[in-house]
There are 2 protein chains.
Amino acid sequence: MTQKTFKFEIIYKSSKSRARVGRIHTPHGVIETPNFVGVGTNGSLKALDNVLLNEIDLQLMFCNTYHLMIQPGSEVVQQAGGIHNFINRKRPIITDSGGFQVFSLAYGGVANEIKSKGTKTNASSVIKITEEGVLFRSYKDGDRILLTPETSIRAQKKIGADIMISFDELPPYHISPDKLRRSFERTHRWEKRSLDTHLLHPSDQALYAVIHGGIDKKLRQTSCAILRDLPFDGFAIGGSVGKNREEMYEMLGYVMPELPVDKPNHLLGIGDLESVPHLVPLGIDTFDSSHPTKAARHGLLFTKQGPLRLAKHGNSTRFEPIEADCTCYTCKNYTMAYLNHLFKAHEPVILTLATIHNVHFMMDMMRRYREAILRDEI
Amino acid sequence: MTQKTFKFEIIYKSSKSRARVGRIHTPHGVIETPNFVGVGTNGSLKALDNVLLNEIDLQLMFCNTYHLMIQPGSEVVQQAGGIHNFINRKRPIITDSGGFQVFSLAYGGVANEIKSKGTKTNASSVIKITEEGVLFRSYKDGDRILLTPETSIRAQKKIGADIMISFDELPPYHISPDKLRRSFERTHRWEKRSLDTHLLHPSDQALYAVIHGGIDKKLRQTSCAILRDLPFDGFAIGGSVGKNREEMYEMLGYVMPELPVDKPNHLLGIGDLESVPHLVPLGIDTFDSSHPTKAARHGLLFTKQGPLRLAKHGNSTRFEPIEADCTCYTCKNYTMAYLNHLFKAHEPVILTLATIHNVHFMMDMMRRYREAILRDEI
């Protein structure tokens with residue numbers, strides 16, 4: 001793996017916290033860390049085309065293997081010359097293993113289950129979980145699909161993202177200690193098989209492991225110990241890390257020092273505005289979240305003074321940008337009054353304009369975090 | 001009205017047909033004719049922002065006074081400094097009177113009624129039609145709104161489009177000859193009142209009359225005779241012109257010679273791909289239609305070889321633009337395979353990308369029509 005483009009360079013380590021500024025080098029350019037990773041499930045940040053997105057400087061896009069396998073199929077992406085060609089994105093892309101989506105079908109709504117808000121629903125889409133992998137039914141055409149460490153990695157290689165993620169099992173939050181331990185052991189065997197498959201078919205892609213162990217510190221520690229000894233290129237933190245933010249910060253505070261300092265890490269699926277100030281000092285390098293884009297589509301605009309409701313009555317005559325000093329496409333071209341009108345009139349273009357603003361806000365905020373770390377303020 | 005910016009300049013008249021190439025000068029620039037007019041009901045072509053739209057060279061946008069009166073209100077648009085400022089469009093805009101929408105609420109679906117496909121529905125939103133105007137209930141908050149020639153023109157002046165349209169009554173297609181005549185007479189009194197209101201409050205806006213008379217040639221002729229003697233800046237053709245394309249072409253062939261040659265005309269709400277080749281030789285200068293944008297949102301892409309179904313199976317591996325020689329943003333940046341994928345995955349950005357292509361196609365097609373007229377081929 002010595003010839004790989006993938007490289008993590010640490011520019012500065014804070015003396016006040018575990019925060020660090022780094023650069024992840026990939027075949028499609030650099031990701032400055034810490035950074036927000038936009039979710040483009042099907043190869044598109046919802047309502048935003050990739051050329052316009054490129055102007056916002058989103059450095060890493062998160063695509064979902066589960067979705068791409070089913071539509072258009074990983075073979076189609078491969079025929080297109082890989083995901084970058086297929087979606088016309090010139091910058092880094094990361095794909096997950098597909099496991100998260102498959103298991104979330106079994107255990108109900110992803111967010112609810114992870115956050116322990118949901119109840120177990122029927123596992124109708126997942127037919128069987130065995131040592132080999134998980135057999136499930138495609139939501140698209142009812143086809144039976146077997147997802148294993150081997151098929152996931154092969155699909156991810158066809159897709160061709162810069163960073164891949166090992167196939168893991170997502171245990172439900174509500175699980176007996178005994179079942180958690182069995183899932184835990186199996187997930188590490190699956191990750192090892194993912195790595196083996198990756199190393200058998202070399203490519204200029206990086207592979208991240210996924211740290212598991214749920215809300216059990218001992219298991220989390222063991223997971224780090226097992227995985228950091230394997231030649232993974234980076235480490236993602238997966239599964240439930242607590243049922244509220246405080247538990248999450250505590251668990252991450254415990255896990256982060258267990259990870260190798262010289263490898264990049266990624267926090268899976270967490271990146272709401274309230275969490276970010278806590279994630280950065282913990283040394284999180286990248287984190288993906290659909291929160292900024294989803295909030296935008298629901299008319300919640302991010303500003304330095306906090307989130308702002310687009311529909312708020314006073315906004316209908318605010319003939320000025322969302323934020324006076326914002327340099328995003330939306331703020332440069334449109335007023336709050338017009339955006340408020342578009343939202344109230346259910347005009348689809350508001351999805352695009354609000355998304356641009358929120359993603360730009362995240363990019364700008366993360367740049368300011370990096371600058372603050374470099375000044376040793378965090 | 002001699003100081004007005006509005007001016008119609010005829011560049012070339014075909015020797016083969018009534019087709020002509022012209023330039024409509026407005027306070028916000030020139031509209032080259034014949035041309036397609038995009039429908040931006042609420043101040044936005046669905047799914048397309050006005051800066052991106054500007055790159056497609058759409059020369060005239062059609063906004064609906066009825067919608068803008070209700071949301072955000074014509075006062076808000078006025079406070080913003082007019083519709084161009086409000087929506088950030090630097091080029092010409094035309095507004096209708098609001099009448100069409102109000103009456104279509106009374107007579108059922110607009111298109112169905114006009115095309116005689118619908119049946120009369122209850123007139124629940126329209127409370128009363130009197131000589132003064134029409135009293136209706138706002139769909140937004142149930143408020144009673146009185147729309148009259150005077151209130152329509154005042155609203156249109158607040159909105160501030162380059163071209164306004166007289167307030168008229170849209171009679172249903174299924175109407176007795178007696179009722180049609182009474183509606184016909186009233187609509188002309190309303191148009192005269194619209195003009196009087198306009199002339200009382202001078203502005204650098206143009207006002208078009210609307211030719212009525214339904215499918216009665218004699219009435220159409222009378223309508224032209226009445227309206228062409230009044231100092232309108234142009235003439236729109238409204239109401240039902242037939243229950244199928246053949247009837248429409250015949251009626252337009254009858255009406256067009258009745259209109260003053262030196263004034264621009266506009267065909268209201270008709271502009272599907274099949275009609276355009278017939279409209280141009282009839283001497284239609286501008287026509288608005290939501291067909292190209294609506295078709296795009298339903299996955300129907302316009303090409304020189306005819307409309308093309310985005311969802312068609314073979315398109316999933318067509319790694320080339322929609323049309324090889326198309327210079328639109330979508331074709332320059334994305335392949336058919338990716339667009340097909342976005343459509344199948346229900347990604348909202350496909351609405352934008354497909355709309356860009358179809359509007360660009362219309363602009364390109366109309367440019368080719370103008371060139372063909374200049375070569376005396378039409």
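**View 1. Helix H8 of chain A and what covers its buried residues.** Helix H7 (149-159), strand S11 (206-211) and helix H9 (217-228) of chain A are among the elements that cover the buried residues of H8(A). This is a predicted model: local features need pLDDT of at least 70, side-chain atom pairs count only at pLDDT 80 or more, and totals for chains, interfaces and linings use all residues. Residues are numbered from 1 along each chain as its sequence is written, with chains lettered from A and ligands numbered from 1 in the order in which they are written. Helices (H or I, at least four residues) and strands (E, at least two) are DSSP runs, numbered from the N terminus. The buried residues of H8(A) include A:Leu180, A:Phe184, A:Trp190 and A:His198. Buried means that 20 or more other C-beta atoms, placed from the backbone, lie within 10 Å of a residue's own.

**View 2. The span of H8(A).** Helix H8 (residues 177-200) has 24 residues. The helix reaches 35 Å from its first C-alpha to its last, close to the 34 Å expected at 1.5 Å a residue. The expected span is 1.5 Å times one less than the number of residues.

**View 3. An open sheet in chain B.** Its 3 strands have the order S7-S8-S9, with antiparallel pairing. Strands S7 (126-129) and S9 (144-147) are the edges. Strands pair if DSSP finds at least two bridges between them; 3 bridges join S7(B) to S8(B) (residues 134-137). B:Val126 stands opposite B:Phe136 in S8(B).

**View 4. Where chain B touches chain A.** 32 residues of chain B are in contact (C-beta atoms, placed from the backbone, within 7 Å) with 32 residues of chain A. H14(B) gives the largest share of chain B's side, 5 residues.

Key. Two residues are in contact if their C-beta atoms, placed from the backbone, lie within 7 Å. A residue is buried if 20 or more other C-beta atoms lie within 10 Å of its own, exposed if 12 or fewer, and partly exposed in between; C-beta atoms are placed from the backbone.
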